[in-house]
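Subject: Structure handover

Hello,

Here is the structure for you to take over. My notes on it follow below.

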Amino acid sequence: MYVHVGFGTEEGTPLGRAVVIKLYLKETPDACRAFADACRTGYGGGVRRVVPGFLLQCRRGGDARPELGASMNDRYFHAHSRAGLVGLTKKLDFYVTYNALPHLNGESLVIGEVVAGMATVRDLEGRPTGNKDAPESPVCILSSGVCDTMQAALAVYLGVAEGGVEGVTAAAVEAVQEAEEPPADRRPLLSPDDARAAALRQKDAGNARFKGQEFAAAAARYQQAVRYLQYAERWERQRAAAADNAQNADDEGRETLAAVDEAAATALAVSGLTADGLPAGGGGVAAALPPAVAELRRLRGAVYLNLAAVQLQTGSAAEARHHAREATKLDPGNPKAYYRYASAVMAARPAAAGEHDELAWALAKEALRLAPADPAVKALHHKAAVAWQQRKGKLRAAMSAWTNALAPTPRTVEFVDGQKKKRICITRCPDAPTGITYTFNGQARGRIMLVDARAPPLLAFPGLKKTVAVPDGAPFPPKGLAELCAEAGVELLEG
């Protein structure tokens with residue numbers, strides 16, 4: 001027996017696909033029939049609370065809320081061993097687990113599992129919550145129902161009209177689930193080879209949509225490919241760790257591969273692996289990594305580059321920069337990674353007032369070192385080098401003008417740092433490269449560096465590792481540094 005539940009807003013807008021739940025009718029018949037009856041007559045209500053990493057709890061609607069009878073014969077047959085399990089309270093409120101919850105074993109009754117629509121459940125996990133973990137924007141249960149066959153339930157999941165149930169095939173359901181469902185929440189668990197193959201299919205689908213200028217759809221497919229690759233990498237790491245443990249535990253070291261796979265699958269199921277798997281980044285491809293893990297990381301870097309290309313097309317330069325940077329960590333020998341990273345940095349240049357020109361130039365130089373004959377890389381390197389030279393020229397001119405505006409006599413500024421009074425003496429010094437030196441509490445600490453020519457300019461004090469804004473019309477105001485920065489709203493940055 002299967003039930004389906006559809007979530008949505010108070011205005012009636014659906015939130016994702018319907019969630020299909022397979023009931024454990026044989027093990028918990030009384031609770032399953034009570035829950036099915038509630039769904040058949042219209043469950044109503046909505047999401048009561050959402051606790052990320054714990055569970056999603058829904059409350060039944062209506063004033064009269066019957067309880068499970070005292071004569072219920074159900075027993076605690078299933079453990080809260082993974083994400084996607086469905087439990088029921090005595091008041092017919094149901095919940096879906098986001099992780100393994102062993103402390104609920106023997107306390108709450110598991111009556112089924114989510115077989116489709118876990119992507120919707122995960123999306124609800126990320127929604128903002130307020131008082132008592134309730135969603136800030138109410139989430140209602142718009143629809144519910146009961147199906148005798150899985151085919152009929154999956155027709156609801158796919159949004160197929162009642163008359164088209166016969167046309168619902170396993171291949172159609174598989175294609176939708178592969179494109180939308182979190183890899184780690186799919187059952188049975190995917191092997192790393194299956195996950196890698198799914199990632200390649202999603203990558204190819206993203207490429208096709210990119211060529212058709214369907215940029216939002218392409219980004220979604222690339223992101224799903226990343227999830228599969230993260231999942232496969234996590235599996236391979238667990239598999240390698242299980243193999244090492246098995247070898248250490250077995251004097252002869254003859255554990256079969258099947259036993260190792262089973263141990264890895266158990267570790268994944270118990271760990272409650274989320275849809276995102278391992279966090280992105282984490283350094284380059286180390287030589288000590290198992291070959292399978294290193295290959296998965298290189299492939300993930302290639303997908304990140306495709307995703308960055310989509311984001312550059314849609315004007316999301318900051319996101320493109322992030323994903324291109326991750327690609328340089330995952331595959332540091334790939335010139336395309338540095339090329340795309342430099343392109344993203346330069347795409348954000350107008351909004352950043354040119355403050356990242358040096359970074360773009362350095363990245364383009366590295367891309368040119370790795371691919372010296374690539375004409376596109378050569379063109380980008382030339383463009384970045386010109387921008388950086390122009391930037392340095394502006395900085396030198398601004399520094400010279402500011403130096404000439406200083407009086408030849410020293411200026412002393414007192415300020416309070418914590419509980420101590422301190423002094424900075426600003427002195428014009430034409431012999432210094434920047435023209436200005438300073439002392440801190442009577443000790444020479446180096447020269448002032450102009451780090452940005454914007455108005456007001458920013459000055460870095462290397463000895464203090466602080467940056468201070470200098471308003472126009474004043475060589476250096478007779479105010480404390482902390483007071484000045486508080487008034488100007490300037491953050492104290494490291495010089």
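Is Arg-369 buried or exposed? Arg-369 is exposed, because its relative accessible area is 56%. The terms work like this: buried means under 20% relative accessible area, exposed means over 50%, and partly exposed is in between (1.4 Å probe, protein chains only).

Some ground rules before the rest. This is a predicted model, in which local features need pLDDT of at least 70 and side-chain atom pairs count only at pLDDT 80 or more, while totals for chains, interfaces and linings use all residues. Residues are numbered from 1 along each chain as its sequence is written, and side-chain values use heavy atoms, with hydrogens and water left out.

Salt bridges

The model holds 14 salt bridges. A salt bridge here is a side-chain nitrogen of Lys or Arg within 4 Å of a carboxyl oxygen of Asp or Glu. In general, side chains of opposite charge can pair when their charged atoms come close.

Start with Arg-369 again. Its side chain meets that of Glu-366 in a salt bridge, at 2.6 Å from N to O. Both residues lie in helix 11 (residues 357-370), three residues apart, about one turn of the helix. Helices are DSSP runs of H or I with at least four residues, numbered from the N terminus. Glu-366 counts as partly exposed, at 23% relative accessibility.

Salt bridges that share partners also build a network, which joins Glu-233, Arg-237, Arg-297 and Arg-300. Within it, Glu-233 and Arg-300 meet in a salt bridge of 3.1 Å, N to O. Glu-233 lies in helix 6 (residues 215-249) and Arg-300 in helix 8 (residues 291-313), so this pair ties together parts that are 67 residues apart in sequence. Glu-233 counts as buried at 1% relative accessibility. Arg-300 is buried too, at 0%.

A further pair is Glu-174 and Arg-186, with the closest N and O atoms 2.8 Å apart. Glu-174 sits in helix 4 (residues 170-180), and Arg-186 in the loop between helix 4 and helix 5 (192-211), so the pair ties together parts twelve residues apart in sequence. Glu-174 is partly exposed, with a relative accessible area of 34%. Arg-186 counts as buried at 10% relative accessibility.

Nonpolar cores

The largest nonpolar core has 33 residues. Such a core is a set of buried Ala, Val, Leu, Ile, Met, Phe, Trp, Tyr and Cys residues joined through side-chain atoms within 4.5 Å. Phe-7, Phe-35, Leu-56, Phe-94 and Ile-111 have the most contacts inside this core. Helix 1 (residues 29-40) gives the largest share, six residues. A second, separate core has 26 residues, including Leu-229, Trp-235, Ala-327 and Leu-330.

Cysteines

How many disulfides does the structure hold? Zero, taking a disulfide as a pair of cysteine sulfur atoms within 2.5 Å. Cys-32 is buried, with a relative accessible area of 0%. Cys-39 also counts as buried, at 0% relative accessibility.

Lys-378

One last residue to look at. Lys-378 has its place in helix 12 (residues 375-404). At 45% relative accessibility, Lys-378 counts as partly exposed. Leaving aside neighbours within four places in sequence, Lys-378 is in contact (heavy atoms within 4.5 Å) with Leu-368, Pro-372 and Ala-373. The C-alpha atoms of Lys-378 and Ala-367 are separated by 8.8 Å, and these two residues are eleven apart along the chain.

Best wishes

Note on methods
Helices (H or I, at least four residues) and strands (E, at least two) are DSSP runs, numbered from the N terminus.
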